[in-house]
Amino acid sequence: MTILEQSRFLATSIPGPRSKELMDRKVAAVSRGIGNTMPVYTARAGGGIVEDVDGNRLIDLGSGIAVTTIGNASPRVVEAVRKQVADFTHTCFMVTPYEEYVAVAEALNRLTPGDFEKRSALFNSGSEAVENAVKIARTYTHKQAVVSFDHAYHGRTNLTMALTAKSMPYKHGFGPFAPEIYRAPLSYPFRDAEFGKEMATDGEVAARRAISVIEKQVGAANLAAVIIEPIQGEGGFIVPADGFLPALLDWCANNDVVFIADEVQTGFARTGAMFACEHEGVVPDLIVTAKGIADGLPLSAVTGRAEIMDAPHVSGLGGTYGGNPVACAAALATIETIESDGLVARAAQIEQVMKDRLHRMQAEDDRIGDVRGRGAMIAMEIVKSGTTEPDGELTGKLAAGCHTAGVIVLTCGTYGNVLRFLPPLSISDDLLIEALDVLALVLADL
Ligand code: PLZ
């Protein structure tokens, strides 16, 4: 394996000629529906760098949307995948099972919050796992309704589109959506300030608002599950006020409602804990994972209380590829890397470096309305000077400026005005600081 040099380097303008050629072929061959953040084609990636086909080396603050958390093509993963792919690529776990699947389930049962008996089931994508969590909750409770939250993102399949809040681009024109899905107000401290200080800072107050909507519009007797991202991802890296998640969990426990944590984006050390629920001592009934679980190989899971997970009838769950052996081998190597390389602590260090710098930037620039997030999941919300009015246009320009300068950043948020940072935990402090320097320069120029 050749070592990928860990430095930002621009050999051409962005995109370079090879990328442009490939983009022309893409437009002619790939559905317009599949968009791209950057028109740059990847050649190699690792550490904190993505190298493109023109020889440009970009600093990676995206991790392929929070997937390559331990670093792209991480050495243990590469080795485990090579070995597994040579032994066998697939048998279907439902036909002739294999140990790797069971070992991943054991690891998930051990690592997720809660010291009760657990079971896991493996799938391919985050959306597919979310759908299965809902199926499991429905068979367990013999109820149908599901509540998700404002700004939520749970996927692009039919049921998960219904759970997702934002119309454009995720739902627009793709209905009708699955029935029996209801939406409750989230705790969004930065934007709840307009409802008073208590609402913005006291999670229990925000939870009472949500619970009131749930009781009035759905009714606990009809409600199978509440699903929530402990820190919202696509919705804008929204960290709910302290106490919001515990109060919701309590209400669910008292009302025979399954509490599902969607940790697809927040899981596996990303937030400075193995799972984001741990920051508030929240123990979900079911926890959905994907993304960071296998360093980029497609794998997802539902893990939770044995009695809930065992509610579906035999062969009620499954799928041809769920828990593919190569993806499982990658997951086992990923988990080993997180544990033996101390990556949970590394995510917490990254939070320090980023927040120190971003808070200093915010003190000097009132277009940065909010700096928030946990671990290596940090964002800033961009507003019109000194107001809370979202500035999606400036956010887009800021992202584009970073891209041109060789830094991969992503945007998110209901109003498109959140610049988010998801560096791999394998990035060096030097590269991280350089990327923040670039960001500061781009913002100052705008
Ligand atoms: N739940 C919390 O963040 C995926 C979506 C990218 P899949 N987020 C990235 C896009 O624009 O499609 C996500 C998530 C949370 C579920 C999902 C869905 O996971 O693996 O993309 O299906």
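Mentor: Start just after α9, where G219 has a positive phi of about 90 degrees. Helices are DSSP runs of H or I with at least four residues, strands are runs of E with at least two, and both are numbered from the N terminus. The model is predicted, so local features need pLDDT of at least 70 and side-chain atom pairs pLDDT 80 or more, while totals for chains, interfaces and linings use all residues. Residues count from 1 along each chain as its sequence is written, and side-chain values use heavy atoms, without hydrogens or water.

Trainee: What caps the N-terminal end of α9?

Mentor: The cap is D202, with a side-chain oxygen 3.0 Å from the backbone nitrogen of E204.

Trainee: Which residues of α9 are buried?

Mentor: An α-helix has 3.6 residues a turn, so residues three or four places apart point the same way. Buried means under 20% relative accessible area with a 1.4 Å probe, protein chains only. In α9 the buried residues are G203, V205, A206, A207, R209, A210, I211 and I214. Their cover includes β5, β6, α7, α8, β7 and α10.

Trainee: Where does F174 lie, and what is it in contact with?

Mentor: F174 is in the loop between α6 (158–163) and β6. Contact means heavy atoms within 4.5 Å. Leaving aside neighbours within four places in sequence, F174 touches M161 and P169. From F174 to R156 is 18 residues in sequence and 9.8 Å in space, C-alpha to C-alpha.

Terms used. Buried means under 20% relative accessible area, exposed over 50%, partly exposed in between (1.4 Å probe, protein chains only). A polar contact is a pair of N or O atoms within 3.5 Å; within protein, one must be able to donate a hydrogen and the other to accept it, and residues adjacent in sequence count only if both atoms are side-chain atoms.
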